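Colleague: Could you walk me through how to read a few features of this model? I'd like the general idea before each case.

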Amino acid sequence: MKTLIAYYSRAGATKKAAETLRKITDGTLFEIRGEKNYGNYFTALGIARKEFSQNELPKVLDQVKDFDSYDRILIGFPIWYSKCPQLILSFISQYDFNGKEVYPFCTSGMSGPETAAEQLTKACVGANVHSGLRLNKVNEETVKTWLA
């Protein structure tokens, strides 16, 4: 099974989790980058609140090469207001997820991935979206069980 690990990381925690997942799965890393600079934590939350309220989908800067060749997509992000950033939904809207196995993972100090996983289930039309996993500290055994 060919694995893509697509992630957005504002401060580096999600990037670290994604890099560890790459070692465990031998997947391909793809950093989701948008044209906005979300700045520090409090600035990011202000921008996120506006994006959520206006259902704004920020522009994604890069594209995954050969997206169709991946069977399993791990999508990582920080949790903002119990949700995934709108940038993630913008990323998803660019691709056909039909038949893909999707595994959301997040980094968060408080909220888990439940609401974000519901968002991804709606956004990834035709995909099998699995339960999300909070990966503030990555444990190889936990990851293998999650992906099994």
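Modeller: Start with burial: buried means under 20% relative accessible area, exposed over 50% and partly exposed in between, using a 1.4 Å probe and protein chains only. Ser108, at 11% relative accessible area, is therefore buried. Keep in mind that this is a predicted model, where local features need pLDDT of at least 70 and side-chain atom pairs pLDDT 80 or more, while totals for chains, interfaces and linings use all residues. Numbering runs from 1 along each chain as its sequence is written, and side-chain values use heavy atoms, without hydrogens and water.

Colleague: Where is Ser108 found, and which residues does Ser108 touch?

Modeller: Ser108 is in the loop between E4 and helix H4 (114-123); helices (H or I, at least four residues) and strands (E, at least two) are DSSP runs numbered from the N terminus. Contact means heavy atoms within 4.5 Å. Leaving out residues up to four places away in sequence, Ser108 touches Ile79, Arg134 and Asn136.

Colleague: Which residues lie nearest the centre of the largest pocket?

Modeller: A pocket is an open set of points on a 1 Å grid over the protein atoms alone, where a 1.4 Å probe fits, with protein on both sides within 12 Å along at least five of seven lines; lining residues have an atom within 4 Å of a point. Here 19 residues line the largest pocket, and Tyr41, Ile79, Thr107, Ser108 and Gly109 lie nearest its centre. Helix H1 (13-25) and helix H2 (41-54) each give at least two residues to that lining.

Colleague: How many aromatic pairs does the structure hold?

Modeller: Rings of Phe, Tyr and Trp (its six-membered ring) pair if their centres lie within 6.5 Å; planes under 30 degrees apart are stacked, over 60 edge-to-face, the rest tilted. The structure holds 10 such pairs. Phe52 and Tyr81 have ring centres 6.3 Å apart and planes at 80 degrees, so that pair is edge-to-face. Phe52 lies in helix H2 and Tyr81 in the loop between strand E3 (72-78) and helix H3 (86-92), so the pair ties together parts 29 residues apart in sequence. Phe52 is buried at 16% relative accessibility, whereas Tyr81 is partly exposed at 37%.

Colleague: Which charged end sits over the ring of Phe52?

Modeller: A charge sits over a ring if NZ of Lys or CZ of Arg is within 6 Å of the ring centre and within 35 degrees of the ring normal. For Phe52, the charged end is that of Lys83, 4.8 Å from the ring centre.
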